[in-house]
Amino acid sequence: MTDLRPTIFALSSGRPPAAIAVVRVCGPQASVALEKLIGRVPAPRYVALVKVRDPNGGEAIDEALALWFPGPHSETGEDMAEFQLHGGHAVIAAVFEALGQIEGCRPAEPGEFTRRAFENGRLDLTEVEGLADLIAAETPAQRRQAYRQLKGLIGEQAQAWRKQIVEALALVEARIDFTDEADVPEDLVGPALCAAQQLRSKISAALGDQGRGERLRDGMIVAIAGPPNAGKSTLLNRLARREAAIVSPYPGTTRDVIEVHLNLDGYPVTLLDTAGIRESSDPVEQMGIRRAAERAAAADLVLWVIDGSAIDGSVNGIGVGSSGGKPFESETWTITNKTDAAVNSLWINCESQSASSDRKFAVSALSGEGMDALIEALAAHARDYFAGAESGLITRARHRRALEETVGALDRALAQGGSGTEELIAEELRSAATTLGRLTGRVDVEDILDVIFRDFCIGK
Ligand code: GDP
């Protein structure tokens, strides 16, 4: 064979058994795969109803749909074949067996189809990330954000910025190359620095988004914490409307952090049920407690649950063992639970008295009393938290780092000024252009590729 690039195949649809299984083949042998399995190559981009046969004995494996996408105008830029089979284990196994026998064909690794699309210039790195986020999106807001990224939101902006830097660099380099020539204007560096200055403010403005885009991608973390038996797990179940945590009348049974993903008003909210945070001499329990405390400490909002039925009118019910106090710096809402069993009705409806951002709610996680107000307040909080997030350019720490480095290089270029420093200015502008190039993956990115593609599923 002249073309040594392996042909890869994978199941691109979900876990079998399923109604339909989509098997994709990509690479130089894709047309051979069609010939071997269905006896012909269908017309490009038309669906063909076909019999899939075992190439060895000729036995019919399945009746299926087949498609042929010749490169370079395919998703990956290479020849691609697609089979839409019935999604049973044995059907898929038989087709894989047949494909595996074709010379130069092997199963794909996670993200390998997308990696080829990147290598063939069909997607830039930020679009690859957008695609990964689209697959992982759990709420409409995340989906919209990922789709914009897939369609080149930050990628195109970075390319445009990079172009402007390269233009400024060209001016400085002209000055360096033709210092002695009379027809090259003296002041080329001035306009270059002026362009760099403008660019610097634009990129800084994008960076000043307070991390809204990243927030939306990660979701808002709400930790449910409080003394053992206060009803944290019951509250989590009530919020999640399913039995996610084991509710038990014995203290200390929720040792680990339980995580539930909610779609609150279209926004992603992750609820953490922390282990009963309290003093303990059991080392295993101590470890769980420490982990719970760490995650809760990093949460965006803490729901501090206390047992309203145990409160005797004083505020002594709030506290962690003998150490007392709420161990969080995050905004904390106090949830007085078990209003149905409260001896002191003063604790009910205490929400309206709160003026500070640290709010108070009275609920019964068991009966559902007061839960609507709490859920509405959480949804309003999420709306504020995610305000403007969808339009944010930056959705990942990688983007932020690249733009920060670019601003740093521009700053160093601007700090030079004056004549005789052209070489240094050019060096910094070059570095700024390289950093932006890394953002879209067009230069020197081998080291970050593995990290990005590792997160994909096989068949994508
Ligand atoms: P956790 O240790 O804070 O997670 O507490 P659990 O959710 O396991 O609840 C401890 C006990 O309190 C269980 O027996 C629950 O049924 C009970 N409980 C939880 N919420 C309420 C409530 O609103 N009212 C009453 N009466 N009991 C509750």
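Biologist: Before we turn to the terms, how much space lies in the second largest pocket?

Modeller: In this predicted model, the second largest pocket holds about 220 Å³ of space. Its lining consists of 15 residues, and Ala136, Ala137, Gln142, Arg217 and Asp218 are those nearest its centre. Among the elements that give two or more residues to this lining are α4 (125–136), α5 (140–150) and α8 (212–218), while β9 provides the largest share, three residues.

Biologist: What makes α12 roughly antiparallel to α13?

Modeller: The axes of α12 (residues 397–416) and α13 (residues 422–440) come within 8 Å and cross at roughly 170°. Angles over 145 degrees count as roughly antiparallel, and therefore α12 is described in that way relative to α13. By class, the contact between α12 and α13 has eleven nonpolar, five polar and five charged residues.

Biologist: How do you know which strands stand at the edges of the open sheet?

Modeller: The sheet has six strands in the order β8-β9-β7-β10-β11-β12, with mixed pairing. β8 and β12 (360–362) each have a single partner strand, so one side of each is left without a neighbour in the sheet, and this places them at the edges.

Notes:
Residues numbered from 1 in each chain as written. Predicted model: local features only at pLDDT ≥ 70, side-chain atom pairs only at ≥ 80, totals over all residues. Heavy atoms only, no water. 1 Å grid on protein atoms, 1.4 Å probe; cavity = no way out; pocket = protein on both sides within 12 Å on 5 of 7 lines; lining within 4 Å. Points joined across faces, edges and corners; volume = space filled by probe spheres on them. Helix = DSSP H or I, 4+ residues; strand = E, 2+ residues; numbered from the N terminus. Axes fitted to C-alpha atoms, helices over the stretch in contact; angles between N-to-C directions. Parallel < 35°, antiparallel > 145°, perpendicular 65-115°, else oblique. Nonpolar A, V, L, I, M, F, W, Y, C, P; charged D, E, K, R; others polar. Pairing = 2+ DSSP bridges.
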